[in-house]
Amino acid sequence: VVAEFQPGSFFGEVGLFFRITRTATVRAASTLILFKLAAEDLHALLQTRPDINSRIQEEARLRFEYNQLRSKAMLSNTQEVATEMEVVRETLKTIPLFKTASNAFFDELALKLKLKIYQPNDLIIQKGERGGSMFFVMDGTASVESEDGRTKYGELRPFAFFGEVALFYEVNRTATVRARTVCTCFELMKDVLQSVLKHHPVLADTMREKAAQNYNLFLARQAALHDAPAHVRLSFAEEATIEKLKQVPTFRGCSHAFLQSLASLTTVRSFKDHDVVVKNGDPSKEMFFVLDGAVEVVSPDGATVFDRLDNGQFFGEVGLIKGMVRSASVRVASPTCIVIEVSKAAVLSVLKEYPGAYETIALEAEKRYAAILGRLADRPVTAAAAVSEASTYGPGGGGGDVSPDNVSVATVVPDDTATSPDSPANGLRRLFSVRRSHSDDGTQQPSASGAVSAASAGKADRRSIALGDIFRRRKNSKETAALQNEAAESALVGSGRERAQSVGQVLEAAKASSAK
């Protein structure tokens, strides 16, 4: 799948003016209604509207030149599909900077992009050079790497983009990007964007305001590592940070635009040997990547070391999403240590821009949580709780803040919402809090295996009632986005198949509400 068309999108218009064969297949991904315009009907109408006809003929000329350019480039089948105008327009819509733009803007801008084909090992941008454009990767892969090419910090795959700060500000490139395979890109020049924005003055103001915010974040990230070694600064480059976020299972299904926005909100923190990064019992309000140095997961008294995490590994993502307390302490195990911090506030901020990511993150976090509990079953509680703080996941490391003897569930919602007794999220918490298991005589059993059974607490009928209450409060179709948010919050509670069914029901209802 190279593109998805949402309500308001259009495709196939080039066939109105040129006798060409279709270069891609479009199929329905859901029940939908389409309007079809035949070439002969359009031409008959244009005979009565010469003023409109002249403008459309100019558009047709630009489309013809664009297709001629693609033809001369001798594109492969996959490159042809990836550079179809419809695909390019939909790709532009994923850019956070263009979020409020109209279809007219995307159509005009798409026709003015510059097609670039890079061969393996070709330089796309060089660290330190003055930037004056942004790039979109449409086919193939490119790598973010050191200046000498020896160290790879990240990979850019189809529909990734980079360099947008240079569209509004004079900045130097912060990393080198090189093609790893034959790489098909589009380049958007700064002066081209400015010329298009002259026809969209309201959008121009909004975009400049957003660009200013992005630029301030860019400067903050640069300043944070001003005195750090070069390899550390490159590891914190936005493209490299996006690659790190892709390795976190909880964020793996999120769009590049979501990850790019989240990466821009990350910060760095520096520690010295034996400094405590997180402390057992503290609330989980952030997750961390080890950027340079090493940390140890230790018991509350610091006497026992359970795990060691080195460069590139991460910890704390499950606790961040589920709102738990830290189940172990993490301290520095090297002379110095620099970590990337992803805060709960940053995740919430980006989720407001991309509410559809709630479901992906919530369900993946729950799977990670269940997997951790499974690995900890029947272990002594103290050891299990400590090991869960690191619970390494694959070659990149990873961890979850799961304390088997204290697994009260909390959703990712702003603090002011969480404190409201009447909020939907709070109602769901009350219904589905997972408590300690008890023995037949009523005493608490703080064992890891007890936590596994406790994790499935909560009845389907009570969950349905709670979700029904949400719907009754959200009948207005204009609040569909809020409804989807609440549906995703419900994905953070309950367990297994019942949860998936509940979330599915909510999202289906949201779609129906939107259609109405």
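Colleague: Which helix does Glu364 lie in?
Modeller: Glu364 belongs to helix α13, residues 357–376. Helices here are DSSP runs of H or I with at least four residues, strands are runs of E with at least two, and both are numbered from the N terminus. This is a predicted model, where local features need pLDDT of at least 70, side-chain atom pairs count only at pLDDT 80 or more, and totals for chains, interfaces and linings use all residues. Residues are numbered from 1 along each chain as its sequence is written, and side-chain values use heavy atoms, with hydrogens and water left out.

Colleague: Why is Glu364 called buried?
Modeller: Its relative accessible area is 19%, and buried means under 20%, exposed over 50%, and partly exposed in between, with a 1.4 Å probe and protein chains only. So Glu364 counts as buried. Leaving aside neighbours within four places in sequence, Glu364 is in contact (heavy atoms within 4.5 Å) with Pro249 and Thr250.

Colleague: What makes Asn121 count as exposed?
Modeller: Asn121 has 56% relative accessibility, so it counts as exposed. Asn121 sits in the loop between β1 (114–118) and β2 (123–125), and has a positive phi of about 80° although it is not a glycine.

Colleague: And why is Phe159 called partly exposed?
Modeller: Phe159 comes out at 25% relative accessible area, so it is partly exposed. Phe159 is in the loop between β5 (152–156) and β6 (161–162), and again phi is positive at about 80° in a residue that is not a glycine.

Colleague: How do α9 and α10 cross, and at what angle?
Modeller: The axes of α9 (residues 238–246) and α10 (residues 256–264) come within 9 Å and cross at roughly 115°. Those axes are lines fitted to C-alpha atoms over the stretch in contact, and angles run from 0 to 180 degrees between N-to-C directions. Residues making the contact include Ile242 and Leu245 of α9 and Leu259 and Leu262 of α10.

Colleague: What makes up the lining of the second largest pocket, by class?
Modeller: There are 14 nonpolar, nine polar and seven charged residues. Ala, Val, Leu, Ile, Met, Phe, Trp, Tyr, Cys and Pro count as nonpolar, Asp, Glu, Lys and Arg as charged, and the others, Gly among them, as polar.

Colleague: Which helix gives the most to the lining of the second largest pocket?
Modeller: That's α7, with six residues. A pocket is an open set of points on a 1 Å grid over the protein atoms alone, where a 1.4 Å probe fits, with protein on both sides within 12 Å along at least five of seven lines, and lining residues have an atom within 4 Å of a point.
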